Amino acid sequence: MVSFLITFLMTLSFSIIIIILLFLKSKPYCTCDVCHSYLNSNWSKQYNNLCDWYTHLLQNSPSQTIHIHVLANTITANPKNVEHILKTNFQNYPKGKQFSMILGDLLGKGIFNVDGDAWLFQRKMASLELRKSMSKNAFENVKFHVENRLLPVLSSAAGSGKDGGFIDLQCVFRRFSFEYICRFLFGLDLDSLELPFPVSRFSDSFDLATTLSAKRAMSTSPMIWKTYRRFNVGSERKLKEAIRDVNFVVERVIENKKKKLGFTKNQDLLSRFMEVSNDHSFLRDVIVNFILAGRDTVASALTSFFWLITNHPEVESRILTELEQTTNQKQGFATFEQMKELRYLQAAIHESMRLYPPIQFDSKFAVENDTLPDGTLVRKGTKVSFHPYAMGRMETIWGKDCKEFKPERWLKDGVFNHENPFKYPVFQAGFRVCLGKEMALMEMKTVVMGILPRFKLRVVNSDGGELRFEPGLTATVKNGLPIIVGEREVLQLASD
């Protein structure tokens, strides 16, 4: 009888909590059209992506700044505001406890989820290793992975059919980036892990964990996801299971590192951190944060780049011409020195990320009341976001042709022209500027140099429209990027 009563009371309590949560999710906190559209997802009737709706709102705002009341979120696409947030008044806009709480289960106390001394310490440690990212040796490492890991996968797919083979390019880039980041930053060969499940399961779990963590931030009240987590139900149960898989692999990485198995003799990022800490929890957070940075962002940027290239054959042609003019036809791969001369490729990559930044928006939390340069009042505790995706589509920033893919806009008299980082905050800017910027650019260039001269790519069922994205910490194309890949020489002969 007592057992039945306890069970009944627990069930009743849980039912009441669910009713409260449903009320919170539907409660009209604000009666304005913007908040009503957000709460009821009316925006999705006109826009494929939430980021496109935000872009529309920002384009129509005189100050290029909006406020989503139900999220207590101020969003801006104004370069002066971005500079204020990331540099001028940097101390007032940390990640904040709210942000750390949302991503804490996945990112822990890693560099992308902390502020102050913890952030500064990890940044200094990482900078020691990432200084090597633009060396000739680093280039040779990327080149080795492209030639021995990436190109064989594409060759295998290309030879699977008369007119080429089918492959998900986004999936391929994620696996490639994961393998390379593990080798470069952790000194790890994935084949040495001896996992009881395929690496693809780790990849799927990592993707799910980032997606569900990001969805927490879209909730109108943290009480909703916290309650789901407390009772281990719904999306929070899936998140817990996904993080369990991630942690299992990360633990294997740490164990292998300590045993000196499967690692190069060179110093790497994980070695540096292990010299100063033996805390498994801290080392786990370091690994997860840098996998997120090195795997997801580069894979996202490459996916968008090749989607744009397949829809703009004139750009592809100019890149190939530049490669032919820069390299010796018999040498195959460009050298480290020749890579630096590929100015049009550099422009095309930057232009791609202008339209499709791997991180579509980034948020901080105001410590004290403030006023942005455009006159927007920011109250203490407000979430303040800058939106690189929207900024790439602002006529006031890039001109009337802002929606066009035009690498030429980055060239002046044939020389690559760097833009103001607060106008183009794809790699952040100010004090939090991305440490891995040069490494990411080199990796992307090397991949392009490896793929384009050898393979012809065609997106399956592409209508040239906009990409659709999954919610997540990084831009992930919904349903991947299915393509037909064929050997370039074979396709050229077939078309003659």
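T382 lies in the loop between strands β6 (377-378) and β7 (383-386). The model is predicted: local features need pLDDT of at least 70 and side-chain atom pairs count only at pLDDT 80 or more, while totals for chains, interfaces and linings use all residues. Residues are numbered from 1 along each chain as its sequence is written, and side-chain values use heavy atoms, with hydrogens and water left out.

**Overall make-up**
- The protein has 20 helices and 13 strands; helices (H or I, at least four residues) and strands (E, at least two) are DSSP runs, numbered from the N terminus.
- Of its 496 residues, 52% count as buried; buried means under 20% relative accessible area, exposed over 50%, and partly exposed in between (1.4 Å probe, protein chains only).
- Among contacts with a separation of 6 or more, 75% come from residues 24 or more positions apart; contact means heavy atoms within 4.5 Å.

**T382**
- T382 counts as buried because its relative accessibility is 11%.
- Apart from neighbours within four places in sequence, T382 is in contact with H67, A72, T74, K364, F365 and A366.

**C434**
- UniProt, in an unreviewed entry, places the feature "binding site" at C434; UniProt positions are given in the numbering used here, feature names are shortened, and annotations may be inferred rather than shown by experiment.
- C434 sits in the loop between β9 (415-416) and α19 (437-451).
- With 33% relative accessibility, C434 counts as partly exposed.
- Leaving aside neighbours within four places in sequence, C434 has contacts with F427 and Q428.

**Helix α3**
- Helix α3 (residues 50-59) is mostly covered, with eight of its ten residues buried.
- These buried residues are L50, C51, D52, W53, Y54, T55, L57 and L58.
- The buried residues of α3 pack against α2 (33-39), β1 (65-68), β2 (73-76), α17 (388-391) and β11 (469-470).

**Helices α16 and α19**
- Helix α16 (residues 343-355) packs with α19 at an angle of about 115 degrees, their axes 11 Å apart; axes are lines fitted to C-alpha atoms, for helices over the stretch in contact, and angles run from 0 to 180 degrees between N-to-C directions.
- That makes α16 roughly perpendicular to α19, a term for angles of 65 to 115 degrees.
- From α16, L345, Q346, I349, H350 and M353 meet L441, M444, K445, V448 and M449 of α19.
- The residues of this contact between α16 and α19 divide into seven nonpolar, two polar and one charged; Ala, Val, Leu, Ile, Met, Phe, Trp, Tyr, Cys and Pro count as nonpolar, Asp, Glu, Lys and Arg as charged, and the others, Gly among them, as polar.

Note on methods: Parallel < 35°, antiparallel > 145°, perpendicular 65-115°, else oblique.
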